[in-house]
Amino acid sequence: MRKLTAAWSVLTITVLALAGLTPAAQAAPEDIKDALGRIPGLTVVSENPAPTGYRFFKLTYTQPVDHRRPGAGTFQQRFTLLHKEFRSPTVVYTSGYNVSEAANRSEPTQIVDGNQLSMEYRFFTPSRPERPNWGKQLTIWQAAADQHRAVEAFKRIYPGKWLATGGSKGGMTATYFRRFFPNDVDATIPYVAPNDVVNSHDRYNRFLANVGDDPACRSALKAIQRDVLTRRSEFTALAAADAAKNGYTFTTVGSADVSLEISVIDSYFAFWQYQKQADCATVPKAGAPAAQVYAWFERVESLNTYSDQNLEIYVPYYFQAAYQLGSPESYESYLRDLLRYPGLNVSRTFVPKSVDIPRFDHLAMPDVDFWVKSQGKRLLFVYGGNDPWGAEPFQLGFGTKDSYSYTVPGGNHGARISQLPAAQAAEATNTVRRWAGLPPVSPGVGTRSVPAGFPDFDADLTMVERPRL
């Protein structure tokens with residue numbers, strides 16, 4: 001047998017030599033840049049610096065403006081690619097907004113130590129058609145079809161396991177993608193993803209009335225809101241000076257006064273969305289100097305949040321909220337005696353009048369919710385215990401298979417697997433690794449550096465989003 005094996009090796013080397021090849025040359029891996037060049041419709045815009053062991057590319061990909069009518073034109077969608085190895089697991093990530101142009105990794109990418117394809121959501125500039133038809137082209141199905149085409153294209157060079165993930169609206173996006181194209185990826189890990197099934201908002205307001213461990217904190221937040229509305233003229237002057245300095249205008253919402261009032265109302269929600277329980281100590285006392293209170297609002301919810309300039313980038317989200325996603329009503333009953341514009345339809349208020357919004361689609365969210373409960377599989381949801389967006393979460397159901405939901409105690413809108421109690425963090429980490437075809441983590445290894453040897457660079461993909469999601 002040894003003689004036969006040796007003879008076969010000699011024969012193989014001889015054949016390769018006659019062909020002008022050596023075993024090493026035959027096995028030489030293709031360069032990632034060359035591989036990207038083989039994907040139709042993909043353009044490598046640039047290759048940028050990346051941590052050791054990785055290569056990082058900025059890309060554009062040609063997408064139909066309407067996947068139901070492929071001949072109706074195309075647009076260029078922005079992507080980034082963090083490449084490690086062709087056969088490593090690949091994570092497809094979206095924030096649901098603009099794509100981050102930094103070489104960052106989402107938490108699932110860290111856990112599987114793999115490649116990451118990040119994409120910009122359609123209609124977020126510059127990934128917007130020249131003459132957009134908002135009602136027909138900006139739907140959850142059209143965005144899912146964008147992701148489907150991209151994943152199918154990149155599977156030509158990444159044959160390993162695929163995972164989908166995203167945070168907040170990106171978590172919703174990852175879930176919708178899986179609902180419409182359930183076999184495109186092996187598993188989905190949505191973070192802090194709201195699920196406004198019937199667009200009724202009682203759960204949000206009930207949650208906000210009892211959020212956190214300290215009733216005194218809730219009272220302090222409500223007191224400072226009332227204080228600002230009582231001293232409205234003082235804060236209007238400060239906000240106007242800031243708006244003049246920054247060139248802010250308020251055509252979309254109607255006036256700077258409307259913007260200020262909505263911002264004050266939203267500050268309670270925004271505090272619990274992004275701050276921590278310990279930050280309750282920073283809430284100013286009612287009657288504190290206006291400059292001190294204004295500075296606190298700048299950190300939590302700027303009183304100029306809803307200027308045209310601040311709203312413009314998020315118009316696609318607000319359109320979707322008004323059309324398919326739904327949104328919480330304002331938590332404002334305890335402020336009614338001080339309000340000039342009570343009961344505003346906030347989603348409609350934040351969309352320019354030039355953009356027509358179709359009649360609300362009451363079937364979109366229930367359809368996804370039913371799919372998760374009846375057919376969803378390999379889903380792992382992560383929520384924050386104090387995050388208002390977790391008031392209406394995705395819930396597993398009678399037909400959901402191999403799926404899990406975790407809540408970070410006291411967590412906010414940045415909740416992560418690594419913030420879970422140790423046993424749950426290890427369990428969730430090993431579930432993600434199992435779905436990626438990888439062995440479990442050794443006991444005692446932290447989930448932010450699994451396995452040992454992860455490059456030490458920014459773990460967080462930016463989740464800087466409007467307080468309304």
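Biologist: Which residues are exposed on the other side of helix 8?

Modeller: Arg206 and Asn210 are exposed there, exposed meaning over 50% relative accessible area and buried under 20%, with a 1.4 Å probe and protein chains only. This is a predicted model, in which local features need pLDDT of at least 70, side-chain atom pairs count only at pLDDT 80 or more, and totals for chains, interfaces and linings use all residues. Residues are numbered from 1 along each chain as its sequence is written, and side-chain values use heavy atoms, leaving out hydrogens and water.

Biologist: And which residues of helix 8 are buried?

Modeller: In helix 8 (residues 202-210), a DSSP run of H or I with at least four residues, Tyr204, Asn205 and Leu208 are buried. They lie on the same side of helix 8 because their arc around the axis is only 90°, taken from the directions from the helix axis to the C-beta atoms.

Biologist: What covers them?

Modeller: The cover includes helix 9 (215-230) and helix 11 (256-274), contact being heavy atoms within 4.5 Å.

Biologist: Which residues lie nearest its centre?

Modeller: Of the 14 lining residues, Met172, Pro194, Asp196, Leu325 and Gly326 do; lining residues have an atom within 4 Å of a point. Helix 7 (169-180) and helix 14 (315-325) each give two or more residues to that lining.

How values were computed: 1 Å grid on protein atoms, 1.4 Å probe; cavity = no way out; pocket = protein on both sides within 12 Å on 5 of 7 lines; lining within 4 Å.
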